Amino acid sequence: MCSSINIYRIGVDEADRFSLLVKTMWREAKETGSLLGWSGATDEIIEELTSKDVVQEILSQNMVYVAEIEGNLVGFAALRFLSGEEGEVAGIMVMERHTGKGIGSKLFRNVLEAARKAGLSRLIVKTEKDNHRAISFYKKMGFKLIGESVEKTSGTEVDIVILSMNL
Ligand SMILES: CC(C)(COP(=O)(O)OP(=O)(O)OC[C@H]1O[C@@H](n2cnc3c(N)ncnc32)[C@H](O)[C@@H]1OP(=O)(O)O)[C@@H](O)C(=O)NCCC(=O)NCCS
């Protein structure tokens with residue numbers, strides 16, 4: 001476990017900081033060949049996703065929590081509202097060198113608490129079928145597998161699994 005970790009909800013005013021985190025994670029994943037869970041992603045897609053306008057929209061429409069260690073952001077988890085009843089974990093990522101230390105669990109606990117406070121009764125999450133680490137993580141958090149599908153991400157067809165949790 002990591003004692004000096006700070007988790008907080010990041011707001012639109014820190015869009016640049018969040019954008020830098022995503023870009024850094026993308027660059028490091030490419031350099032180290034580690035799995036980010038974004039098969040369809042390309043430099044162009046990441047560039048678009050991390051543009052100021054898009055990031056500001058993401059941060060205003062979702063509840064995004066970040067993990068900070070000694071002043072540096074090392075991961076995030078996002079809660080997207082699908083309806084008044086249902087939410088989606090719209091991404092959870094921890095920098096590879098900080099994985100396995102309980103940071104993902106802490107980020108998820110913040111999402112869970114926010115979902116409960118918002119009165120949601122169900123959380124879902126979609127992840128790639130071959131992302132065994134993520135599936136194992138979500139099952140440990142209490143999710144159950146409810147289905148499979150094929151989704152198109154920027155032209156690439158990806159096999160995904162859907163997991164759900166009643167709140
Ligand atoms: C999935 C992810 C967020 C987990 O974050 P983390 O900080 O490493 O997770 P934790 O240390 O809190 O682990 C919690 C539990 O997840 C499971 N888990 C974590 N890493 C695992 C691994 N390598 N293999 C199997 N299970 C694993 C375990 O059950 C673990 O509990 P334990 O420590 O009691 O065994 C992280 O691996 C990650 O960022 N992966 C890349 C991005 C990604 O695939 N995101 C999901 C799809 S969007």
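Select helix α1 and helix α3 (residues 52-61): the two pack at an angle of about 105°, with their axes 9 Å apart. Axes here are lines fitted to C-alpha atoms, for helices over the stretch in contact, and angles run from 0 to 180 degrees between N-to-C directions. α1 and α3 are therefore roughly perpendicular to each other. (Under 35 degrees counts as roughly parallel, over 145 as roughly antiparallel, 65 to 115 as roughly perpendicular, and the rest as oblique.)

Before moving on, note that this is a predicted model: local features need pLDDT of at least 70, side-chain atom pairs count only at pLDDT 80 or more, and totals for chains, interfaces and linings use all residues. Residues are numbered from 1 along each chain as its sequence is written.

**Stop 1: where α1 meets α3**

Show A15, F18 and S19 in α1. They meet K52, V55, Q56 and L59 in α3. The residues of this contact divide into four nonpolar, two polar and one charged. (Ala, Val, Leu, Ile, Met, Phe, Trp, Tyr, Cys and Pro count as nonpolar; Asp, Glu, Lys and Arg as charged; the others, Gly among them, as polar.) Contact means that two C-beta atoms, placed from the backbone, lie within 7 Å.

**Stop 2: V22**

Stay in helix α1 (residues 15-32) and select V22. Is V22 buried or partly exposed? V22 counts as partly exposed, because 19 C-beta neighbours lie inside 10 Å. (Buried takes 20 or more other C-beta atoms within 10 Å of a residue's own, exposed 12 or fewer, and partly exposed lies in between; C-beta atoms are placed from the backbone.) Not counting residues up to four places away in sequence, V22 touches I46, L49 and T50. Draw a C-alpha to C-alpha line from V22 to L49: the two are 27 residues apart in sequence and 8.9 Å apart in space.

**Stop 3: the loop at E70**

Go to the loop between β2 (62-69) and β3 (72-81), where E70 lies. E70 is exposed, with 8 other C-beta atoms within 10 Å. Check its backbone too: phi of E70 is near 45°, a positive value in a residue other than glycine.

**Stop 4: G100 and helix α4**

Select G100 in the loop between β4 and α4. G100 counts as exposed, with 10 C-beta neighbours inside 10 Å. V125 is 25 residues away from G100 in sequence and 20 Å away in space, C-alpha to C-alpha.

Now select helix α4 (residues 103-117). At 1.5 Å a residue, its 15 residues should span 21 Å, and its end C-alpha atoms are 21 Å apart, which agrees. (The expected span is 1.5 Å times one less than the number of residues.) Which residues of α4 are buried? They are I103, G104, L107, F108, V111, L112 and A115. An α-helix has 3.6 residues a turn, so residues three or four places apart point the same way. What covers the buried residues of α4 includes β1 (5-9), β2, β3, β4 (86-94), β5 (122-128) and α5 (132-141). Just after α4, find G119, with a positive phi of about 80°.

**Last stop: the whole chain**

Zoom out. The protein chain has five helices and seven strands. (Helices, H or I of at least four residues, and strands, E of at least two, are DSSP runs numbered from the N terminus.) From the N terminus on, the order is β-α-α-α-β-β-β-α-β-α-β-β. The C-alpha atoms fill a box of roughly 35 × 35 × 35 Å, taken along the principal axes. Buried residues make up 28% of the 167 residues.

Conventions
The expected span of a helix is 1.5 Å times one less than its number of residues.
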